[in-house]
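Please examine the protein chain shown below.

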Amino acid sequence: MKRIVIVGGGYAGTALARALDRAAEILLVEPRDRFVHNVAALRAVAHPELFERASIPYDRLLKQGRIIQGRASAVTGREVTLSNGDRLEADAGVVATGSRYANPFKPASDTTADMRVAIDSAHARAKAAGSIAIIGAGAVGVELAGELAAGMPGRKIMLINAGPTLFPAYKPALGRTLAAQLKSLGVTLMSDVTVRNPATTAEPFAGTLDLSSGEKLKADLVFPVMGATPENTLLSSVSGTGFDAARRANVDPWLRPSSAHPTLFALGDAAATGDAMTIVAILRQQPWLEKTLKAVLRGKRLEDLPPYTPWPLAPILLPLGPRTGASILPITRAGMVVGSFLTSAIKGKTLFIPKYRKEFGHT
C-alpha cells in the first residue's frame, strides 16, 4: 500500500487523512494532542465552557492510519523529517499547516491547554469591560461582535470597519442585512475608519485607539481581528517554493508548490489556491485532492487529471449568536442571501460542534 504523509492536523489535514484512510497508508503529523474547532472560539469568549466540546482528541480520527504527535522540520514529496530527527518515507506528501490568528481565536502553542487559558482570560476581561472595540469587520470581527452582544449583553460594543460597507465582494443585501442585525443587537458599526498603530495585533488589549478620522476611541478591551497569517515555516524550507504577497505558497494547477518535488502538495490556508483562507475553501479543495490522489494511486498521470479550480464565489455563513445572522448560499452564480432562520439552522445553533465530534469518533 502506498504511503501518504500529511503534515498538519487542522481542518484540511484531518479531512484529507480521514477521506484517504482506506485508500493508502496515512501518517498524519501534528504537534498538538487535540484538534481545536476554531469556529467555536468566538462564542467561547462569551461562553468559555464551550471550549471543552470544541477541542477534540485525535485518537479516534483514523481507523487504519496513524497520528504522529510531533513537529515536522523538513518535507519533500518523498520524506518528512521530524524535529526529533525521525524520518518518514512517503510516496506523496501533503503540507496543510494552516494559519495563525490573534489570541484567543487559534492555538498559539502546541499545548491545547494554553488556548483554554487564553479563552478564559478573554472572557474574564470581556466580563469586566464596559466598552469593547473590535478592529476588523471581516467574518471573524462580525461574528465576534454578534457573539459578544448576544452572549454578554449590557456592554458597549464597537465594530471598526475599514471599508464603507460590510462584505463588498458579495451581494449588497448581505452587508445591509448584517448591519441592521448588528444595530438591533446594540453594536455600533464604524465604517470607513482604520486604526493607526494599534498597540498589538496579536492579542486583546486595553487603551485608546487613534482613528484615521482623527478621533480618539477609548475602550476597556480591544480585540484585533485583522486577518489570518499563513503558517509557512515548513514550506519556506522547500527548494523552488515561491510565495505571494500574503506569504501563501504559490502552487501549480495541481496544488504543487515546487517543480523540484512533483509528489508534494499544499492544501488549505498555506497555499495560494485562489480561495480565501476559510474553512469553506477547504470544503472544495479537500475533495478535489482526495479524488486526485486516489487516481494517482491507481496509476493515473497527474497532468492528465483535471486541475484544481477555486470557488467562483464561495458561500459564507455569518451567525451573530445562536439565533441571528445572514449567509450567502451557493444557489445561482451570484449566490442567494438568506437570513437568521437558515443561518441559525445551518451553523448558528451548534457551530458544527456535533458534526466534528462525530467525524473524530467522539459523540
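## Two linked hairpins

A hairpin connects strand β6 to strand β7 through 3 residues. In this predicted model, β6 covers residues 72–75 and β7 covers residues 79–82, and the two strands pair in the antiparallel sense over 3 bridges. One of the residues involved is A72, whose bridge partner in β7 is L82.

Strand β7 also pairs with strand β8, which spans residues 87–89; this pairing is likewise antiparallel and has 3 bridges. Here V80 stands opposite L88 in β8. The hairpin of β7 and β8 has 4 residues between the strands, and within this hairpin G85 takes a positive phi near 100 degrees. Strand β7 therefore has two pairing partners, β6 and β8, in the antiparallel sense, given that strands count as paired when at least two bridges are found between them.

As a general point, the side chains of a regular strand alternate between the two faces of the sheet.

## A buried alanine in a helix

Where is A149 placed? A149 belongs to helix α5, which runs over residues 139–151. Is A149 buried or exposed? Its relative accessible area is 10%, and because the cut-off for a buried residue is under 20%, A149 counts as buried.

Which residues are in contact with A149, once its neighbours within four places in sequence are left aside? They are I157, L185 and V187. The position of G321 may also be considered: A149 and G321 are 172 residues apart along the chain, yet their C-alpha atoms are separated by 7.9 Å.

## The chain as a whole

The protein chain has 10 helices and 23 strands. Its C-alpha atoms fill a box of roughly 60 × 45 × 40 Å, taken along the principal axes. A compact globule of 363 residues would have a radius of gyration near 21 Å, and the protein chain agrees with this, because its own value is 21 Å.

Of the 363 residues in the protein chain, 51% are buried. Among contacts between residues at least 6 apart in sequence, 63% join residues that are at least 24 apart.

## Surface and charge

The accessible surface of the protein chain comes to about 16100 Å², and carbon and sulfur atoms account for 53% of this area. The chain carries 43 positive and 30 negative side chains. The centres of these two sets lie 6 Å apart.

Notes. Residues are numbered from 1 along each chain as its sequence is written. This is a predicted model: local features need pLDDT of at least 70, side-chain atom pairs count only at pLDDT 80 or more; totals for chains, interfaces and linings use all residues. Side-chain values use heavy atoms; hydrogens and water are left out. The radius of gyration is taken over C-alpha atoms; the globule rule is 2.2 Å times the number of residues to the power 0.38. Buried means under 20% relative accessible area, exposed over 50%, partly exposed in between (1.4 Å probe, protein chains only). Contact means heavy atoms within 4.5 Å. Accessible areas come from the Shrake-Rupley method with a 1.4 Å probe; for residues, only the protein chains shown count as cover. Lys and Arg count as positive and Asp and Glu as negative; His and the chain ends are not counted. The place of a charge is taken as NZ of Lys, CZ of Arg, CG of Asp or CD of Glu.
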